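Work through the exercises below with the structure at hand. Try each task before reading its solution.

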Amino acid sequence: MTNKKLSHYFSLQRRYSRSINLERDLDSVEALEGYVLTKRAIDSLSRILNSFSSDEGNRAWTLTSVYGTGKSAFAHYLISLCANSQNKMHIKALSIAEDKLGKDNDIYQLIQDKISSVGLMRAVATGQREPISHTIIRALLTGVDTFWTATQKNKINVVRQLVDLEAEINDGGKVDSKEIPNLVLEVAKESKTGIFLVIDELGKNLEYAAHAQGAEDLYLLQQLAELPKDSKTPIYILGILHQAFAEYTQRLATFQKNEWAKIQGRFEDIAFTESSGQMMSLIGEAIDSSAADNISCAIRSDSEEWSKYLEPIVVDEEITDQVIQKVYPLHPLSAFALPTLCQRYAQNDRSLFTFLTSGEPLSFRNFLEEVTVKDNNLPNLKLDRVYDYFIEAAGMGLASRPNLQRWVEIQDLINDAKRLEEDSLRVLKTIGILNLITITGSMRATRTLVSLAMCDRPSQTQINYWQEIIDKLLKQNLITHRRQLDELRIWQGSDFNVDSELSTYIEQERSPLVKLLSLQRPLRPIVAQRHSYQTGTLRYFERHYLDNSQDLSQLRCSSVDADGFVGYWVDDEMPSSVPSTTSDGKPLIILSAANLDILQIRTLEFVALNNIKKTAKELQTDGVARKEVNYRLQEAEEFLDETLNQSFSIGVNQQCWIQGQLEILNNITDFNSKLSDICDRVYHRSAILWNELINRRDLTSQGVKARRELIQAMLEHQNEERLALEGYGPEVSMYYSLLEETGIYRQEDNYWDFYPPLENSGLNSLWEAVENFCLAATETSQTFDLLYQHLAAPPYGVKQGAVPVILAAVLLYHADDLGLYQDGTFIPVLGTEHFELLVKYPERFAVKYFAVVGLRAEVFKELEAILRNPQLKKIG
């Protein structure tokens, strides 16, 4: 034998490398070529065809099995049988039945008797995450296009309706699901023969229905299954699922799961599951060994030897040497275990035929390209490589499966044992795979079976070597031997029942929903984006959960810096009246929750799992249970966040009170726009200031320093250009945005000084408010904490950062008629040290206005003019 790669001798049949797409392959004879009628396919064909052309029995079925078991291929074959007798697809499908069964076979006769020569309209679609009404319209249009000519279609009114509905869907519209049953009946009537409606990947529609909490989609399925039975124009429905209806309801509340179960009852479910022996035969059909003549004798010899060893061990199925020969280069035990493993754990990207045909790492095709046939040694793909492909790569995607605890423990133990030498680790992986498949059947991990699973060719020498490895693992306590079952086991199991504990915790929880959500899922503030962008002032609304236990008239924002309050109503009873503002004068918005009962269940599950994780003492010593709780807690958290988003998704059966008025919002964009509109209206005298350093309530340490240096320059360099500031530091940035660009500090008659801001400067309203406050203190002095409160409230809503600078400018502009007091003591000369205290303790400082009028005022004006004239200063 020459040293050549296995891929030189073996390849995969092209048919198995490409999965069937019912829409694409509807009229593809090539896709039908090589189809194998397995025992399960024949049984399913019999069950369905027996109901054809009969007023009795079911007319709606679901075909259920995991990925990669041939459901779509079977559906494609059945659809082809239902074509017109002159159609190439029907002819090919009939010839496959004839070759497999013979013309005298009962099933062959059933095909001839039950399917008329005209055939049925084949309405086929692949499900998507969309309303099921959309998928059915696509299916009907596919059926129409293959059943009638273009001229015929133009004459049929219902076809035009379907085309119009498709256009509406493509434009982003939705179809009323109530229209669909009548449309289906109308199409069936026009066909004069009947419809076979097939939806592949129906699970995607169910996922959409579960996510959108839409009962209409499911009710439509029920209506279709209950359509009147008409033997002349019958309507048959077949949905193809990867898991039972119940598996798609994990995100739903209990009462919703019950509704789904009722609808599932309208469909006869056909479990499309082959025995391991049958699947081994199918695997053999997928492997092309036509180029392996040079090594066929060695393969046959090995297969006969394997058959002798396995016959007394694997008693559940008949595994002949011919089957073992056909599945090579798969180890016979790998080929036998793969179907069971896939039935229990396969995912859409980890199915049996994906493993066989894909080019990804650790796949069978990859194995063929990597491994070389050396001399007389025929290598085969063993269970440890199957473990690497399925177990290591699947990760947390199996968190909701029944055998989660076993899966988690096996994976953890093998991960912890990676320090072992390679052969010991391979044995652990093999035992792990067998433990996942069964703990009682003939494929349980006995010493003999594990040893055989590690051999390239069964021989006592190889078996003894692997037995020694097993003994070593037993001594290291990495595996245990259950003598009663004669089973090697890598997992210990857990006595902690998470489901039972979860139910107990939920029953004991008495806190109201509003409290649980506030503790577990507090809401972050939401920003009025457009208003903030246009004014330069960041405005946000606090968000809180509310129910009837709160007095809405007493609501207050928890932060004085908040500009509004959004309440999320989580109570069945709606509020009778909603005030327009909070008790501290901020605008108030209240949103009601949709799907409140589901939100309640999701919250309780998350809280209960959180409590179990924190308080269950058993978890300290039970690593498997601890891992399961962590997985389920993560899943519960995702479900809760998803439900919260759905419950408060604007426009979904929600009521919204905006400043006391009940309004209708269509989407989140409308809601965000409303926040800015409210701010525009409530804070209409807001300052417009584009400087993030100072236009905020609490300044950074850099901002505080820059503001102090700016005020110091204002007091000490009042009549100098740029207040004698140099460079481009933050204090200069504040100077430009607050004083120079607004005209508050400008040059008039060659003289720099403080003046009221220019018109439309953005700070006019702030200047006026500060100035009016100071000039209003005629009888008694007013403390500056009142000014801060006045400016923070509507209609100003000014952030405190900029107020000291504008206050300093106003005081300097009115230096002759405003008096400043600290703790009741008059301040004759205003200094930087006073302002440092004023910023921290505004309540300690007060202002009083002393009006200078009459002759005294005229004298002061003349003196000011003289003092400001540079020429007169020189003469003096």
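The model is predicted: local features need pLDDT of at least 70, side-chain atom pairs count only at pLDDT 80 or more, and totals for chains, interfaces and linings use all residues. Residues are numbered from 1 along each chain as its sequence is written, and side-chain values use heavy atoms, with hydrogens and water left out.

**Exercise 1.** Find the order of the strands in the open sheet of 4 strands.

Solution. Strands are DSSP runs of E, at least two residues, and helices are runs of H or I, at least four. Two strands pair if DSSP finds at least two bridges between them. The order is β20-β23-β21-β22, and the pairing is antiparallel. β20 (782-783) and β22 (825-827) are the edge strands, each pairing on one side only.

**Exercise 2.** Describe how helix α34 packs on the sheet.

Solution. Contact means heavy atoms within 4.5 Å. Helix α34 (residues 764-775) touches β20, β21 and β23 (845-849). Buried means under 20% relative accessible area, exposed over 50%, partly exposed in between (1.4 Å probe, protein chains only). The buried residues of α34 include Leu-766, Trp-767 and Phe-773. The partners of the buried residues of α34 include α35 (784-792) and α36 (803-813).

**Exercise 3.** Is Arg-489 buried or exposed?

Solution. First locate Arg-489: this residue lies in strand β11 (residues 487-489). Next take its relative accessibility, which is 7%, so Arg-489 counts as buried.

Terms used:
Axes fitted to C-alpha atoms, helices over the stretch in contact; angles between N-to-C directions.
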